[in-house]
Amino acid sequence: TLSNWLRPGDYLRDIAKSASEKSLVDVNPTLATAGKKIEWAKALAGHVPSSVVQPFADNAVIAVVLLSLLAGLALRKTSREFPKEFAPVENVIEVLHRVVEHIITLVVKLVPIAVFSVVAKTVGEHGLAPLKGLAVYLGVCLLGLFLQAALVYQSWIVFVARTGFIRFWTHAREAVTYALGASSSLATLPVTLRGLDQLGVTRESSRLAACVGTNLNNDGILLYEALAALLVAQAYGIELSYLEQIGVAISCVIAGIGIAGVPEAGLISLALVLATAGLPLELLPVLLSVDWVLSRARAATNVLADFTVALLLDRWNQKNS
């Protein structure tokens, strides 16, 4: 609603136009054409993988997630059938996982240099005008996350979970403050669990919501990705219908499943969402310049989501016990 009403992407059209003219988008000119229509039905049909390799080559996140789910289920079943024989396979997977972690660590270390270069290039070509567009984008994102935390969560907590406003924030403020500093809801998990214990939430509810549910309950990332995807479409003059916008939101939900609880992880999954929806990726480096602030706001929102779900689960258990 905020994105459609305030249209922050309109303030970044000059940058989007310049990026399209100087990027590999020229290979597919339709991406740079204003008024481009997203064939959503065709895109949804394309999410069903036709091979094991193609989704990775096309960067089709939903197809990759589907393949990952199938592979995980098959590996889990196989490990139960042949526990001894499966041990070497687990070792190989663990080693590959560690290799990927090292690669990501190296990439993250290069991010500040990349952000500096992109900002210097953008200011050199367009002056300080793009800062206005980034300020609008940042403000709209922060406003959306604030409304989610202040209105949606507090309504559920006070009126459904029956937890007082002052009592809730007395025990939740430490975790929220930590999330703002650490920029990670996963790193905040021990503080979140301590706050839930102080609120009197049972261990069963708190562990289910904060430990297990944290892989699915990433409201901050989902809201940010949906708004950013609409912003990119607006910047390129691509008008999405409400049905197509819902489709983008569903893609954000799927991309957020099992996302890593590390800083800037939301930006990585945003790239996958844009690629899945057929939207250009050239604005991502520019958006990264203000993601230091948004990453912290997303983490705080995710922590509040964990608190809310835990309180609701505990309330529901009390009613049914």
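Q: How much space lies in the largest cavity?
A: About 70 Å³ of space lies there. Keep in mind that we're looking at a predicted model.

Q: How do you find where empty space is left?
A: The general idea is to roll a probe the size of a water molecule over the atoms, and that shows where gaps remain. Here, searching the whole structure turns up one cavity of 30 Å³ or more.

Q: Which residues line the largest cavity?
A: Its lining is made of Val118, Val119, Thr122, Val123, Gly127, Pro130, Leu131, Leu134, Val286 and Ser289. Two elements each give two or more residues to this lining: helix 6 (87-126) and helix 7 (129-160). Helix 6 gives the most, with four residues.

Q: How do the residues of that lining divide into nonpolar, polar and charged?
A: Seven are nonpolar, three are polar and none is charged.

Q: Now for pockets. How much space lies in the second largest pocket?
A: That one holds about 530 Å³. A pocket is open, while a cavity is a space the probe cannot get out of.

Q: Which residues lie nearest the centre of the second largest pocket?
A: Look for Thr1, Leu2, Leu223, Ala226 and Leu227, out of 24 lining residues. The elements giving two or more residues to the lining of this pocket are helix 1 (2-6), helix 7, helix 11 (219-235) and helix 12 (242-255).

Q: What classes of residue does the lining of the second largest pocket have?
A: You'll find 18 nonpolar and six polar residues, with no charged ones.

Key. Residues numbered from 1 in each chain as written. Predicted model: local features only at pLDDT ≥ 70, side-chain atom pairs only at ≥ 80, totals over all residues. Heavy atoms only, no water. 1 Å grid on protein atoms, 1.4 Å probe; cavity = no way out; pocket = protein on both sides within 12 Å on 5 of 7 lines; lining within 4 Å. Points joined across faces, edges and corners; volume = space filled by probe spheres on them. Nonpolar A, V, L, I, M, F, W, Y, C, P; charged D, E, K, R; others polar.
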